[in-house]
Amino acid sequence: MVLSHAASDSDVSVHSTFASPYVRTSLTRFKMPKNSIPKEAAYQIINDELMLDGNPRLNLASFVTRWMEPECDKLIMSSINKNYVEMDQYPVTTELQNRCVNMIAHLFNAPLGETETAVGVGTVGSSEAIMLAGLAFKRKWQNKRRAEGKPFDKPNIVTGANVQVCWEKFARYFEVELKEVKLREGYYVMDPEQAVEMVDENTICVAAILGSTLNGEFEDVKLLNDLLVLKNKQTGWDTPIHVDAASGGFIAPFLYPELEWDFRLPLVKSINVSGHNYGLVYAGIGWVVWRNKEDLPEELIFHINYLGANQPTFTLNFSKGSSQVIAQYYQLIRLGHEGYRNVMENCRENMIVLREGLEKTGRFNIVSKDEGVPLVAFSLKDSSSHTEFEVSDMLRRYGWIVPAYTMPPNTQHITVLRVVIREDFSRTLAEGLMIDIEKVMCELDELPSRVIHKILLGEEKSEADVDNLMVKVKKNDMEKQREIINGWKKFVFDRKKTNGIC
């Protein structure tokens, strides 16, 4: 006789996850549960919730890297338990960070001697990098004003109104006045001439953007430098420049090597760049480098010894993972100049394909420029029937995340859609997105509310009078009702079609 027994409630080892009680009871959302649950159940519950997230590869709103090679993924996982700040325990990781700093400084043409090492640090992103650079400018300006016996309580910084929100955070958190150059229609970056006019004796620096978040355009750092050199000579000031190259820092050296925007310009004292943008590393790594040691006040650098050895630190954050630093080093040596140039050229070519496809529809204005970050920013030529926000919402139904947003003050009446072309955005995806945009435009045109709106606007019809001349006469209610019904019928019939584009 075969003996058997029923599993008890506590004998969870024989249950599949979906046969266990954990999937038929709700977990607490805002308080830690009293009891433990099996690791399989915890994994499945969390994994199921994450399925409702968007597909990262189809998230065209972000500049952040979504794909890396499997070999780099292995390096990331093998170092995920290393704390970046414990330099004495992980000297090789520290050495890799220093190599990255020096490679990036040389990429930005820092004036380094043969044996001279670069001054810079890895951060969690460009926001932290900008905070550190801003603090260095503020402290250096305060020290100079204090030595001259002048007031040092009202520092300001000059930027364009197109800067990323981290600049506003810096100004508010560290009590620095933010003087913004307003944008104007058709010119969506900082005007160097207006920026220099706004500079005064309390300006700690002028921040130029190499790759505007709004439309990807590079600001004219060379012209800004030349104008500021003249003003400094006239006034006796020494107002410097910081370049926010969060997106453009890994693009310009490879696509536009002759463009002067970096340390080749004498007033550029520091540059930040996001390794997790076009540095091609997953989110969580940024870099800031200074022209030389004199541009980073020594009093901002802390020295600690409770982790095993005396070590300097200049960060807002303390503990963080080492994985992204190692991943950045992998990309720099794996790709080299050749590889980065090939990636950026591919991005630019796919950007051109998408831009030309949008232009062919005749329905969009292109707001982005040819030279800059490989993205396409565009707006509707006619927004009387539907808006950019509706286009964005409809594209989500096909899986695409394409943001719609209004421009900053003075140009806020302009709404823009933006597609960021990253390394993993292939020609096939570009063509697929273009097909879906055309589908969305057709669907919006054929929505019943739009059809009815058009019918009600066209309340007149043409008829021939006794002299055989065409005259306008009012449609009666029956005719309007018939057109509305026909509009609904056409909409339902078109929705049944599954192949082809309208």
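**Pocket, cavity and a helix pair**

The lining of the largest pocket comprises 13 nonpolar, 11 polar and six charged residues (nonpolar: Ala, Val, Leu, Ile, Met, Phe, Trp, Tyr, Cys and Pro; charged: Asp, Glu, Lys and Arg; polar: the others, Gly among them). The model is predicted, with local features needing pLDDT of at least 70 and side-chain atom pairs counted only at pLDDT 80 or more, while totals for chains, interfaces and linings use all residues. Residues are numbered from 1 along each chain as its sequence is written, and side-chain values use heavy atoms, with hydrogens and water left out.

The volume of the largest pocket is about 660 Å³. Of its 30 lining residues, N98, V119, G120, I301 and P312 are the closest to its centre. A pocket is an open set of points on a 1 Å grid over the protein atoms alone, with protein on both sides within 12 Å along at least five of seven lines; a cavity is a set where a 1.4 Å probe fits but cannot get out, and lining residues have an atom within 4 Å of a point. Helix α3 (91-107) gives the largest share of the pocket lining, seven residues.

The largest cavity holds about 70 Å³ of space. Four nonpolar, two polar and four charged residues line this cavity, among them F63, W67, Y278 and R422.

The axes of helices α9 (residues 323-361) and α11 (residues 427-446) come within 9 Å and cross at roughly 20° (axes are lines fitted to C-alpha atoms, for helices over the stretch in contact, and angles run from 0 to 180 degrees between N-to-C directions; helices are DSSP runs of H or I, at least four residues, numbered from the N terminus). The two helices are therefore roughly parallel (angles under 35 degrees).

Notes
Angles under 35 degrees count as roughly parallel, over 145 as roughly antiparallel, 65 to 115 as roughly perpendicular and the rest as oblique. Grid points are joined across faces, edges and corners, and a volume is the space filled by probe spheres set on the points.
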